[in-house]
Amino acid sequence: MSVKKIQSALISVYYKDGLAPIIQELHKNGVTLYSTGGTQSFIEELGIPVIAVEDLTGYPSIFGGRVKTLHPKVFGGILHRRDLASDVEVAKQYDIPALDLVMVDLYPFEETVASGASDEDIIEKIDIGGISLIRGGAKNFNDVLIVSSRDQYAEVSAIFAANGTTSTTLAERRSFAQKAFAVSSHYDGAIQRYFAGEMADLANYTSLPANGLRYGENPHQQGTFYGDLSALFDKLHGKELSYNNLVDVDACITLLDEFDETAFVIIKHMNACGVATGQTVKEAYDKALSCDPVSAFGGVLATNNEVDKAAAESINPLFCEILIAPSFTEEALEILKTKKNRILLKRNAVEFPKKMFKTLLNGVLEQDKDLVMEGVADFKTVTKRVPTEEQKRALAFALKICKHTKSNTIVLANDGQLLASGVGQTSRVDALKQAIDKAKEFGFDLNGAVMASDAFFPFPDCVEIAGNAGIVAVTQPGGSIKDQDSIAYCDANDIAMVMTGIRHFKH
């Protein structure tokens, strides 16, 4: 175990909160401090002596602060190897002091982008000196402790307290080096994504924060989530999210985001088993639950409006893994927290990626997300019967669910309520039969309901089965060479059909 006492330190940070105790501890232990600009002023205001970096280098901060630490006396002090005689001799020859601790953080690039700042302001927040100091300190972890984020201040203080002096072990320095490279990787990834034109592009996903999961899809599989969950959710209650939780949460909120009105979504294994809109969250939840209360057990729930006491009282008896909402009243939280393992997530506004990636064979597939959502204005009526305004709203509602359901899929709905869906079947006929059977199982009358299909009907059998079940209006993308056969059946049986020209396969 190579324990090294810090004799000198370079400290130049953007964020000063939590810094004072470390400065005071270093001073108490006789550590020589070097600093720049605002950090130098901060140290001086503590009444602690500090050497300006420009006095060390012989150069002032130039080019508007773009160049101040990029100098051999700084980087030589960090990078020279203390156990290599030739390095020590060169440092002595050029009067380069050994820098044993480097505390540097980075300009707030991502925060500046998120603020809507100008391109000029954003470019100025690309850190050059800081990132170089971090990499230099991390590379020479054998001799140098690199502290690369204010999030690490508490750990540094704890190490000093545990060791009783400003000394560190090799294992501790190596650990901080690993953290430093994670910081630099994430920072560079954010800059790359900005120049690529999309901050949320996941092409370099390993530059995002890594969150270890208990396991993957199954206990024998390892799982990791790369991303900032804390930006998306405030966890108000419950256990940690699992791999399967996250997959279902994604399915839940991407479907929910199709709705502007108050809506409630219940997801089980990535597919909707309950979707409804209502005047209140309680009304929307009650309607969504009635779709399939059996599958809702253990599901992931989400709404786009505040959960109040009335909604909480209705939701609470159901065993569910997760409940997501933009806000909860205090009364609602008091009720919902009575289930100890239930995860309650307060959702924050975060922009989602517009690309999707999937490992496949010996490579990776990339595609644009399906961001198209056709509505009533996009409907082209192809039958003699024209759907009523209510039926058009119901068809638009059904299409939103259809888009987010595994193919082959059929969705049966009324205006504002999912009645049943056929999910992930190898035959569209099987998907329809599954949907009809489920609707009947839970007591829904399909007379007057509508049907949405994620792709065209190759034969008229689906519209025939649907018509016999009571369906009065159908939407599909069209495009089959036998479209006319389905249209002819609808015309002969007084069924309205609209085509959209948009397919929504989901594999």
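This is a predicted model: local features need pLDDT of at least 70, side-chain atom pairs count only at pLDDT 80 or more; totals for chains, interfaces and linings use all residues.
**View 1. The largest nonpolar core brings together 41 residues.** Look for V275, I322, I324, I401 and L418, the residues with the most contacts inside this core. Helix α17 (residues 389-403) gives the core its largest share, eight residues. As a bit of background, nonpolar side chains in soluble globular proteins tend to be buried together.

**View 2. L418 and the residues it touches.** Neighbours within four places in sequence are left aside here. L418 is then in contact with A272, C273, G274 and V275, and also with C291, F397, I401, V411, L412 and A413. Two of these names, V275 and I401, are also listed with L418 among the core residues with the most contacts.

**View 3. Helix α19 (residues 461-469) and its buried residues.** Here C462, V463, A466 and A469 are buried. Seen down the axis of α19, the buried residues fall within an arc of 120°, so they line one face of the helix. Their cover includes α18 (428-441), β21 (450-453), α20 (483-492) and β23 (496-499). And the residue from the opening?

**View 4. D127 in the loop between α7 (119-124) and α8 (129-139).** D127 has 7% relative accessibility, so it counts as buried, the cut-off being under 20%. A polar atom of the D127 side chain lies 2.7 Å from the backbone nitrogen of G130. Not counting residues up to four places away in sequence, D127 touches D105, L106, Y107 and Y187.

Methods: Residues are numbered from 1 along each chain as its sequence is written. Side-chain values use heavy atoms; hydrogens and water are left out. A nonpolar core is a set of buried Ala, Val, Leu, Ile, Met, Phe, Trp, Tyr and Cys residues joined through side-chain atoms within 4.5 Å. Buried means under 20% relative accessible area, exposed over 50%, partly exposed in between (1.4 Å probe, protein chains only). Helices (H or I, at least four residues) and strands (E, at least two) are DSSP runs, numbered from the N terminus. Contact means heavy atoms within 4.5 Å. The arc is that of the directions from the helix axis to the C-beta atoms. A polar contact is a pair of N or O atoms within 3.5 Å; within protein, one must be able to donate a hydrogen and the other to accept it, and residues adjacent in sequence count only if both atoms are side-chain atoms.
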